[in-house]
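Me: I have a new model open and would like to talk it through with you. Can we start at the surface and then work inwards?

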Amino acid sequence: MKRSLRRLALGVLGIAVWLMCWQWATTIGPLSAVRGLPSASSTFEAAVALAARPSFWGAIGITMATAIIALGIALVIGLVVGVVTGLSPIAFALLDPLVQFLRPLPPVVLLPLILLLMGPSPELAVFLAAFAATWPILVQVQAGVMAADPVMLDTARSMVLPWWRTQTQVVVPGALPFIATGVRIAAAASLMLTVGAGIIAGTPGIGRMVVVAQETGDAQAVFAIILWSGVLGLAFAVTLGGLERMLMKNSAREVNA
């Protein structure tokens with residue numbers, strides 16, 4: 001408990017120092033003469049003003065819904081393909097070359113083609129975000145399945161447990177830490193690609209709000225939306241972290257039982 005409070009206090013202190021440096025640099029410091037660079041105080045005022053607009057919260061809802069849907073799609077694909085390729089050497093040999101080809105491919109490279117097919121629609125953002133989020137989950141699931149404890153597997157075989165019980169009670173619980181890591185990485189990728197699709201392709205959400213504010217020359221609004229994006233990402237990460245801890249505790253209880 002003390003360690004958590006200490007980490008929280010240090011994090012708050014770090015943010016406060018950064019904000020003070022930002023305020024100083026843009027008011028009386030070396031960046032005070034830079035045009036279009038708002039101060040921290042004016043950015044916070046713009047952020048508060050944004051919070052009073054229903055359209056802003058509508059954009060937040062669209063962005064979060066898109067990111068969560070994309071993460072769900074990536075989780076299903078990553079789990080299925082990761083488990084199959086992790087358990088079967090034949091499936092791994094068949095699919096791994098395709099995975100290794102697609103995994104390093106930047107989603108933005110696919111944007112022109114997907115934009116032609118789907119237009120600036122929510123489906124485009126879902127596709128790009130799901131594409132980016134699939135690979136961390138898939139790779140982590142593969143690693144977790146392949147790292148199953150051989151002693152526990154031998155014990156399950158000696159007890160003549162059915163195949164499905166061996167996978168659900170031995171392999172999958174052992175792979176949960178790997179899966180949780182993959183989901184955390186994938187969640188960040190999903191949210192970033194969702195916002196990025198709005199900025200680059202004009203799909204609905206806070207990304208498109210950034211483009212509109214930039215086109216109208218409202219630098220304070222641009223910085224305020226970016227600030228809110230950071231808050232959104234932090235809330236997303238904290239929520240997933242809480243779900244991960246809950247899942248790990250439940251899994252530990254089942255194993256001990």
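Me: Is leucine 116 buried or exposed?
Reply: In this predicted model, leucine 116 has a relative accessibility of 73%, so it counts as exposed, the cut-off being over 50%.

Me: Where does leucine 116 sit?
Reply: Leucine 116 is placed in helix H5, which covers residues 111-118.

Me: Which residues form a nonpolar patch on the surface there?
Reply: The patch is formed by Leu113, Leu116, Leu117, Met118 and Phe127, and together these residues have about 540 Å² of accessible area. Helix H5 gives the most to this nonpolar patch, contributing 4 residues.

Me: And what about serine 121, where does that lie?
Reply: Serine 121 lies in the loop between H5 and helix H6, the latter being residues 122-146. With a relative accessible area of 12%, serine 121 falls under the 20% limit and is therefore buried.

Me: What does the side chain of serine 121 reach?
Reply: The side chain of serine 121 reaches the backbone oxygen of methionine 118 at 3.3 Å, and it also makes a polar contact of 3.1 Å with the side chain of glutamate 123.

Me: Leaving aside neighbours within four places in sequence, which residues is serine 121 in contact with?
Reply: Once those neighbours within four places are set aside, serine 121 is in contact with Thr203 and Pro204.

Me: Changing topic, how many aromatic pairs does a search of the whole structure find?
Reply: The search of the whole structure finds 7 aromatic pairs. One of them joins phenylalanine 56 and tryptophan 57, whose ring centres are 5.3 Å apart with the planes at 70°, and because that angle is over 60 degrees the pair is edge-to-face.

Me: How accessible are phenylalanine 56 and tryptophan 57?
Reply: Phenylalanine 56 is buried, its relative accessible area being 0%, whereas tryptophan 57 counts as partly exposed at 42% relative accessibility. Tryptophan 57 also forms an edge-to-face aromatic pair with tryptophan 228, at 5.6 Å centre to centre and with 70° between the planes.

Me: Which residues do ring pairs link into a cluster?
Reply: Ring pairs link Trp18, Trp22 and Phe223 into a cluster.

Me: What about leucine 31, where is that?
Reply: Leucine 31 lies in the loop between helix H1 (2-27) and helix H2 (40-51). At 36% relative accessibility leucine 31 counts as partly exposed, and, not counting residues up to four places away in sequence, it touches Ala25, Thr26 and Leu37.

Me: Stepping back, how many helices and strands are there in the protein?
Reply: The protein has 10 helices and 0 strands, and read along the sequence the pattern is α-α-α-α-α-α-α-α-α-α.

Me: And how much of the protein is made up of buried residues?
Reply: Of the 257 residues in the protein, 38% are buried. The protein exposes about 15100 Å², and carbon and sulfur atoms supply 73% of that area.

Me: Last one: what share of the contacts with a separation of 6 or more comes from residues 24 or more positions apart?
Reply: Residues 24 or more positions apart account for 72% of those contacts in the protein.

Note on methods:
Residues numbered from 1 in each chain as written. Predicted model: local features only at pLDDT ≥ 70, side-chain atom pairs only at ≥ 80, totals over all residues. Heavy atoms only, no water. Phe/Tyr/Trp six-rings, centres within 6.5 Å; stacked < 30°, edge-to-face > 60°. Buried < 20%, exposed > 50% of the residue type's maximum accessible area, 1.4 Å probe, protein only. Helix = DSSP H or I, 4+ residues; strand = E, 2+ residues; numbered from the N terminus. Contact = heavy atoms within 4.5 Å. Areas by Shrake-Rupley, 256 points an atom, 1.4 Å probe, with all protein chains shown as cover. Patch = residues over 30% accessible without salt bridge, like charges linked within 9 Å, V, L, I, M, F, W, Y side chains within 5 Å. Salt bridge = Lys/Arg side-chain N within 4 Å of Asp/Glu carboxyl O. Polar contact = N/O pair within 3.5 Å; in protein donor to acceptor, adjacent residues only side chain to side chain.
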